[in-house]
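Here's a quick briefing on a model with its sequence alongside. Have a look at both, then read on.

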Amino acid sequence: MNYIISILIFFILIIIQFVIPKYMPLNIWTLYPNFILMFVVYTALNKGIMRGQITGFVYGLTWDVLSTDIFGVRTLGFTIAGYLAGSFNKKLNKNQPLTQIIVMAIGLIVTHLILNITYVIMPASETVFVQNFELSYLIIFNILINLFLTPFVFKIFLTFDRKN
Amino acid sequence: MNTNKNTNKVFCLLLAVSIVLIALRLTPAVQGLKQLVYSVLVPDIKISSNLFSKTGSLLLNLSNIIKVYQENSELKNENFRLKQGLTDSQLVLEENIRLKNLLNIKETKNLKPIFANVIVREPTQWYKFVIIDKGFKDGIEIDNPVVAILFDGRTCVFGRTTEVYSSTSKVALVTNPLFSIPVQIKNLKVDCVCDGYDSQYLQLSFIPKSANLNIGDQIVTSYLSNVFENGIDVGTIVDIVKTNYGDYQEVTVEPYTQKHSVYEVAVLIKK
């Protein structure tokens, strides 16, 4: 039963992350929240390192498959984010919005850092938008939107989690 | 402690796999893996994408239908307004023609026209009387001839004033049984009397059987009339009956005023 729910959640998240933005204007698309990373961080924070890193790996791999970005970069970033977020499990009060925001911030920074380091180390041949360093105001704004939404999205995840 | 070690081992394994994936991102093995995951996920993406696009197009169609409905009702209203405007302008045009024709009435030596509007025509008195908006203040007297103007500009007998008030007058119509006027068959110069009988037709009296009348012959006022000047149109013959008894023919005339609606008239008063 748990597997079915996990698969269902997986597909719902994929749809939310990849299908809905297609129907949004391009300028909003770049600011679209990273629901998948939120789920990875939520899972890691609530279920521990093991579940966190595996969830991060699976979702990162899926993201890589569905995007034209450097293959494996999201897998690496989400796995590390899941591992780091999982290491705070049982150490912090995970129901506190501030805790959730801080852990999510760590996850976001790690992901973007890995992404940018990868871009610097190996200039992307597959990506269309080659940038020297991706830390633009859009990225900062995107991070802020993600952090703002984190407590609300975590609440939704928690509600869904409790019902199951 | 053991769990932690396992967790770390798994983490290292996952990291290694990730790094390998990055390093070997274009190798056939990695591409195969990508293809595999893609083939599992993409149908779902396609379905959801189709679902969203269909929902989107459904909403678009719905909003289009609403827009079309609104536009249709606006156009209907506009169409109604335009039709009304057209009818109004048509009425104005007709009135304009009638009034222009009224202005064409020439003053004769003894008579001058006073233009008046028909303001009352009771259904129960339809073929008998009308009320006009001019009275003795305007110089109208009892038994003044009243004429109407046809669309082709001709003047025709409408009736005569029977009661005159300060600003209104009652006109006995040509179809009123009280109305009787000496007339002439235009081409034959045959004099006779035209009587109304409370219908849309008039009757001609005293036409000898020998007179060769035809349907469509025009009837005009005679010199013998002391109310109307001679030569004013009255109507056309629509029926002729020659009986074995008596010396006269029974002739039915349709007055011109029955063929057209009359709203404006001219009362001919003495100068």
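Follow chain A along its sequence and you get the pattern α-α-α-α-α-α-α, with 7 helices and 0 strands in total. Helices here are DSSP runs of H or I with at least four residues, strands are runs of E with at least two, and both are numbered from the N terminus. Keep in mind that this is a predicted model, where local features need pLDDT of at least 70, side-chain atom pairs count only at pLDDT 80 or more, and totals for chains, interfaces and linings use all residues. Residues are numbered from 1 along each chain as its sequence is written, while chains are lettered from A and ligands numbered from 1 in the order in which they are written.

**The two chains**

- Chain B has 3 helices and 12 strands.
- In chain A, buried residues make up 36% of the 164 residues; in chain B, 25% of the 271 residues count as buried. (Buried means 20 or more other C-beta atoms within 10 Å of the residue's own, exposed means 12 or fewer, and partly exposed is in between, with C-beta atoms placed from the backbone.)
- Take the contacts between residues at least 6 apart in sequence: in chain A, 64% of them join residues at least 24 apart, and in chain B the figure is 56%. (Two residues are in contact if their C-beta atoms, placed from the backbone, lie within 7 Å.)

**How helices pack in chain A**

- The axes of H3(A), residues 35-47, and H6(A), residues 97-121, come within 10 Å and cross at roughly 125°. (Axes are lines fitted to C-alpha atoms, for helices over the stretch in contact, and angles run from 0 to 180 degrees between N-to-C directions.)
- That angle makes H3(A) oblique to H6(A), because angles under 35 degrees count as roughly parallel, over 145 as roughly antiparallel, 65 to 115 as roughly perpendicular and the rest as oblique.
- On the H3(A) side, the contact uses Leu37(A), Met38(A), Val41(A) and Leu45(A), and on the H6(A) side Val103(A), Met104(A), Gly107(A), Leu108(A) and Thr111(A).
- By class, this contact of H3(A) with H6(A) has 7 nonpolar, 2 polar and no charged residues. (Ala, Val, Leu, Ile, Met, Phe, Trp, Tyr, Cys and Pro count as nonpolar, Asp, Glu, Lys and Arg as charged, and the others, Gly among them, as polar.)
- H1(A) and H3(A) also pack, at about 145° with axes 9 Å apart.
- Leu13(A), Ile16(A) and Gln17(A) of H1(A) meet Phe35(A), Ile36(A) and Phe39(A) of H3(A) there.

**Zooming in on Gly107(A)**

- Gly107(A) sits in helix H6 of chain A and is buried, with 29 other C-beta atoms within 10 Å.
- Leaving out residues up to four places away in sequence, Gly107(A) touches Leu37(A), Val41(A), Ala81(A), Leu84(A) and Ala85(A).
- Val40(A) is 67 residues from Gly107(A) in sequence, yet their C-alpha atoms are 9.0 Å apart in space.

**Where the chains meet**

- 24 residues of chain A are in contact with 21 residues of chain B.
- H4(A) gives the most to chain A's side, with 8 residues.
- That side has 17 nonpolar, 6 polar and 1 charged residues.

**Nonpolar cores**

- The largest nonpolar core has 40 residues, and Val147(B), Val157(B), Phe158(B) and Val265(B) touch the most other members. (Such a core is a set of buried Ala, Val, Leu, Ile, Met, Phe, Trp, Tyr and Cys residues joined through C-beta atoms within 7 Å.)
- Apart from it lies another core of 38 residues, including Tyr59(A) and Ile70(A).
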